[in-house]
Amino acid sequence: MGFSVSASAAIIFISFLMVAGTLYTAWDNAYSNVQAAQEYWYNLRLNQLNTLSALNGGLSSFRNTSTYYNLTLAIDNQGVTMYAPHWTGIYDGKYVTLYNIKDDNVSFLDDYTYVLPGQHVLLNVTYIPLNSDVHNLSVIFGDGCWIRFTWHYDSANHAVYVSESRGCPTEVS
């Protein structure tokens, strides 16, 4: 009625093989996840190094009325192909959707999907009060890089002065 020593040894050996197989599978999955994360990090970093954008002053424009003005900013893509639906914006500290002007007065002038190197995107900011307040618009690209525009209206010269800055998150560098 009892188990023999060889049967008990076989059960222990089979249990050991099952544990070893489970541990190997877990180790292999963890290693694959680490490799995928490393590859993603390198691709993101390479993309960020090649994300080059700038304000195109020749295509940007300004139009004023008696109570407000509209500003069109032209963003040139001088780097890698970018996917515009992944862009987001922050205008004067508030989140804005770039595809719909009805909700926040900031939007693309056209339906942009892919922005190839050498192309530009026209971004319209409407109904800005005619005063000397400083305004900011940050456009954040899909890879986390951003371009920030700061401008103010000069009532004496009836002109808008725009400056820009850009950068990428430092967590990836």
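Colleague: In which helix of this predicted model does Leu17 lie?
Modeller: Leu17 belongs to a nonpolar surface patch of about 570 Å², which is made by Phe13, Ile14, Phe16, Leu17 and Met18. With a relative accessibility of 46%, Leu17 counts as partly exposed. The helix that holds Leu17 spans residues 5–49, and its label is H1.

Colleague: Where in the protein chain is the confidence highest?
Modeller: Across the protein chain the pLDDT averages 86, and 97% of the residues score at least 70. Confidence is lowest in strand E2 (residues 61–64), where the mean is 84, whereas the highest mean, 94, is found in E10.

Colleague: Which residues make up the covered face of strand E5?
Modeller: In a regular strand the side chains alternate between the two faces of the sheet. Strand E5 covers residues 88–91, and its uncovered face consists of Thr88 and Ile90. The covered face is made up of Gly89 and Tyr91.

Colleague: Which residue in E10 stands opposite Tyr91?
Modeller: Strand E5 is joined by 4 bridges to strand E10 (residues 134–140), and the two run antiparallel. E5 also pairs in the antiparallel sense with strand E6 (residues 94–96), over 3 bridges, and in E6 the residue opposite Tyr91 is Lys94. In E10, the residue opposite Tyr91 is Leu137.

Colleague: Which residue takes a positive phi in the hairpin of E5 and E6?
Modeller: The hairpin of E5 and E6 has 2 residues between the strands. The phi in question is near 50 degrees, and the residue that takes this positive value is Asp92.

Colleague: What is the phi of Tyr127, a residue other than glycine?
Modeller: Asn105, which is not a glycine, has a positive phi of about 65 degrees; this residue lies in the loop between E6 and strand E7 (106–108) and is partly exposed at 30% relative accessibility. Tyr127, by contrast, lies in strand E9 and is exposed, with a relative accessible area of 52%. Its phi is also positive, with a value near 55 degrees.

Colleague: Why is the disulfide of Cys145 and Cys168 assigned its handedness, and what is that handedness?
Modeller: The structure holds 1 disulfide, and this joins Cys145 to Cys168 with an S to S distance of 1.9 Å. The pair links distant parts of the chain, 23 residues apart, since Cys145 is in the loop between E10 and strand E11 (146–154) and Cys168 is in the segment after strand E12 (159–167). The torsion about the S-S bond is about 95 degrees, so the disulfide is right-handed.

Colleague: How far apart are the closest N and O atoms in the salt bridge of Arg166 with Glu164?
Modeller: Side chains of opposite charge can pair when their charged atoms come close. The count comes to 1 salt bridge, in which Arg166 is partly exposed at 48% relative accessibility and Glu164 is partly exposed with a relative accessible area of 31%. The closest N and O atoms of Arg166 and Glu164 are apart by 2.7 Å.

Key. Residues are numbered from 1 along each chain as its sequence is written. This is a predicted model: local features need pLDDT of at least 70, side-chain atom pairs count only at pLDDT 80 or more; totals for chains, interfaces and linings use all residues. Side-chain values use heavy atoms; hydrogens and water are left out. Buried means under 20% relative accessible area, exposed over 50%, partly exposed in between (1.4 Å probe, protein chains only). Two strands pair if DSSP finds at least two bridges between them. A disulfide is a pair of cysteine sulfur atoms within 2.5 Å. pLDDT is the predictor's confidence in each residue, from 0 to 100. Patches are made of residues with over 30% relative accessible area and no salt bridge: like charges are joined within 9 Å, nonpolar side chains (Val, Leu, Ile, Met, Phe, Trp, Tyr) within 5 Å. Accessible areas come from the Shrake-Rupley method with a 1.4 Å probe; for residues, only the protein chains shown count as cover. A salt bridge is a side-chain nitrogen of Lys or Arg within 4 Å of a carboxyl oxygen of Asp or Glu.
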